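Welcome to this guided tour. Open your viewer, get ready to select residues by number, and follow along one stop at a time.

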Amino acid sequence: METAVITGVYENVISPSTPLSAAVREEKLLDTKVFTVATEWSQTDLVRGSRLRFLQQWTLHTDPNDPRSISSVSPPGPCVPVAGEILSAVSPVQNLRAVIRETGAHQLLEIWDARGLQKCLNLTALNKHGRVYDDAQFGGLSWSHCENLLLYVAERNRSAAKAERESAWPKDRSVYCEDWGEALSNKSTPVLCVVHLQSGAVRVLDGVPAEVSPGQALWAPGGRAVIFVGWYHEPFRLGLKFCSNRRSVLCRLDLEGHCERVSGENLAVSSPRLSPDGSVLVYLQAQVFGPHNQCFSLQMLDLKSMQTSTLIDVVHRPKPGEFAGLYEALPAHCWSADSQRVLFSSACRNRKDLFVVDRASREVRSLSDSKPPPAHSLSSSQSFLFPPPPTPHPSPPVHFWPPHPPPSPAPLPPPPFPSHPASPPPLDAFKTHVEGLSEENQAFGSWKLLTVQNDVMVVCCSGPCTPPTLRAAVLPTDGGPVTWRTLQEPLRTFDFQWSSLDVDPGPDEENTQYAGLDFGAVLIKPSRTGTEEKSPLVVFIHGERDFIGQCYRSKQSHDRGTVVSGGPHSQAAAEWSTVTAGLAGLHYAVLMVNYRGSTGFGQDSIHSLLGHIGCQDVRDVQRAVLAALSSDPTLDARRVAVIGGSHGGFLSCHLVGQYPDFYGACVARNPVVNAATLVGTSDIVDWRYTSVGLPYSYTQTPTAEALAAMLDRSPIAHVDQISAPVLLMLGGRDRRVSPHQGLELYKALKSRACPVRLLWFPEDGHSLSRVETQADCFLNTVLWLQQHL
């Protein structure tokens, strides 16, 4: 296969644009309600080597006889490029647009109205704080009710503090400054900032307790106080990215500097969202430590009585067809107009779905379609066909302090099955373990809520062969069916096939503590060209969501390539992915496995993996692979490769070590290779203990027993059995998994004369998310597969 063919396919699958955010404004035109939907999009430009952003707007007309039905959609206007914007927010009444823009070394605050630029402040020159936070973890921009104040989060003014230290204590010039780890290395000490728009004054709020770092701030009702999440940073900071288990607290801080706690202690909280009527606040809650990502409960705080109740509880073991739990952050606008319902997206087995929960009944139901829209038929004339296949190659508020330390988790039991796999049974032994390998009749396997305002829902839908699609609907008042309208169809769909698998572990693979759990997978196959040639199978293991799902990047994380979750407790959803689409376009079948421990299958499934990594997850992937091969005669069992990043890379290396005669090639991005040598270098040291079933505390120091357990669960323990060619891709600035992990495997394989190649990206972190890097990785992955399968 020529390099030009590979790059041509990649250009086609990387070109679709993705909606990042949306805002809805209601107007009246005679007797008709009109809604304006303003959206912001991202598109990758390989020529520039960057991700571009642009704005686009639609007008929705409702039926005069049925104001909850969209009768027509006006064509959108031209796309308007956006340059330098890192945050923006539109005021609900005056329709003022606040923008924080980067121009060179300066950050500007701009206020725009219908006539143009109304006000501009140079925040950098004012020198009240450091750089404004634009990440999804801490950042945000919030209008007050009076629309004369703006709230945001920024880094504490280090320059003034540094000058003070140096003048008094020259020896302190080189004092180490902690940060929040991977993808947050420039975030250390956030402060809450308020701008008074009339005077142009910027104020850093006093009263935030010294033991926490504030973020995700919003105005409390009345505009005399703010509500924020505070993450504890004592005794030291742990990495926050992809870790929803960090001890944190929800606080109310008035403008006079009095702070009180409004959530429970020793918990992990996030995503505070105020109802439109200002009466209640909802937020996500999880446990401290343990799994790095968990099933959340949705808590509801009555702001009058200050009593908290549970709106959605943790789902431990969902029944088939039922709601499987809440696993993702809430969108900024998630309330119905009557303040009685909360909308959200969440993982549900192999899919992502859109849900609504009613405050009164606590009932959760899905809002997504049961049928695909006709315009997105997979046999549409817009379907894109790829080149022919290549020839195969051989509680009420209390005063905030004092804080209490979180308890240490109890040690977990040892694995319920042997740590080394037996020889796999023949393929036909797996047929009874496939619950459903049928072709999907839906174009969309993923629904992501961008916003709901004035009861107009705006969502981004996608599927393995359908790029991101913008859709809208009015939320029914009576719980009736939803009528969705497509606002922006993708430029093309792709002529692939995809199906969803439900897989049961074998009798000898049951987890005795969590018996009866199943897991899932998504199979994407290239279109048949009339030849009888079987498709090589690429097993794509999740663990680094940046590599798998390119679809739902938040606006704040747009240029950093970050997504909702990562690590083993994430999900390979039936959504659009440039990597899987590109591989399918090059006539590879792709199997993405949601092994036990993935999100979307209940909290029991997540907990079942703790103490069993390198064993239970490895066996689940292998069983899913054998189930797919036994159920689909178009797959070539003699040509199977495995690829993955982070924990997916960990499993990829395990599989070629534990099943050396099964896989023909391996591609691993920033893999965990030796957990024992990683324990002192990772920004999430707690997970290194938890993953092997050991308790963690801040005072933890490695013991010989702990290090032995980590080594035993690591791929390096199987290095002598690896014979498949291995391609390694490492980011030189990775804070989550040190690049020395991959180097350790590289040297071990070279010394054993095993084919190995290493790609080094010095400017990349854990996600390898720069545009040039992603293109390089895809090209080299395909060439490696072509060479060795």
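Is Cys 120 buried, partly exposed or exposed? Select Cys 120 to find out: its relative accessible area is 40%, so Cys 120 is partly exposed. Keep in mind from here on that you are looking at a predicted model.

**Stop 1: the cysteines**

Now select Cys 348. With a relative accessible area of 19%, Cys 348 counts as buried, because the cut-off for buried is under 20%. How many disulfides does the structure hold? The count is zero. As background, a disulfide is a covalent bond between the sulfur atoms of two cysteines.

**Stop 2**

Zoom in on strand 12, which covers residues 190-196. Strand 12 and strand 13 pair in the antiparallel sense over four bridges. To see one place where they face each other, select His 196 and look across to Ala 201 in strand 13, which stands opposite.

**Stop 2: charges over rings**

Select Lys 187 and Tyr 133 together and show their side chains. The charged end of Lys 187 sits over the ring of Tyr 133, 5.3 Å from the ring's centre. Then move to Arg 247 and Tyr 232. Here the charged end of Arg 247 sits over the ring of Tyr 232, and the distance to the ring's centre is 3.8 Å.

**Stop 3: a cis peptide bond**

Most residues other than glycine have a negative phi, and most peptide bonds are trans. Start with Glu 234 and Pro 235: the peptide bond that joins them is cis, with omega at about 5°. Where is Pro 235? Follow the chain and you will find Pro 235 in the loop between strand 15 (225-232) and strand 16 (248-254).

**Stop 4: two residues with positive phi**

Select Phe 289. Its phi is near 60°, a positive value in a residue other than glycine. Phe 289 belongs to the loop between strand 19 (280-286) and strand 20 (297-302). Is Phe 289 buried or exposed? Its relative accessibility is 5%, so Phe 289 counts as buried.

Now jump to Ser 646, where phi is also near 60° and positive. Ser 646 is in the loop between strand 37 (635-645) and helix 8 (647-658). With a relative accessible area of 7%, Ser 646 is buried.

**Stop 5: aromatic rings**

Go back to Phe 289 and show the side chains around its ring. Across the whole structure, a search finds 19 aromatic pairs. One of them joins Phe 289 and Tyr 696: this pair is edge-to-face, with 5.3 Å from centre to centre and 90° between the planes. Both Phe 289 and Tyr 696 are buried, and for Tyr 696 the relative accessible area is 3%.

From Tyr 696, step on to Tyr 698. Tyr 696 and Tyr 698 also form an edge-to-face pair, 6.1 Å from centre to centre with 65° between the planes. Tyr 698 has a relative accessibility of 22%, so Tyr 698 counts as partly exposed. To view the group together, select Phe 236, Phe 289, Tyr 689, Tyr 696 and Tyr 698, which ring pairs link into a cluster.

**Stop 7**

Select Ala 286, which is in strand 19. At 3% relative accessibility, Ala 286 counts as buried. Which residues does Ala 286 touch, beyond those up to four places away in sequence? They are Ser 244, Leu 267, Ala 268, Gln 294 and Phe 296.

Finish at Ala 665 in strand 38 (residues 665-669). Ala 665 is buried, with a relative accessible area of 0%. Beyond residues up to four places away in sequence, its contacts include Val 640, Trp 784 and His 788.

Technical notes: Residues are numbered from 1 along each chain as its sequence is written. This is a predicted model: local features need pLDDT of at least 70, side-chain atom pairs count only at pLDDT 80 or more; totals for chains, interfaces and linings use all residues. Side-chain values use heavy atoms; hydrogens and water are left out. Buried means under 20% relative accessible area, exposed over 50%, partly exposed in between (1.4 Å probe, protein chains only). Contact means heavy atoms within 4.5 Å. A disulfide is a pair of cysteine sulfur atoms within 2.5 Å. Rings of Phe, Tyr and Trp (its six-membered ring) pair if their centres lie within 6.5 Å; planes under 30 degrees apart count as stacked, over 60 as edge-to-face and the rest as tilted. A charge sits over a ring if NZ of Lys or CZ of Arg is within 6 Å of the ring centre and within 35 degrees of the ring normal. Two strands pair if DSSP finds at least two bridges between them.
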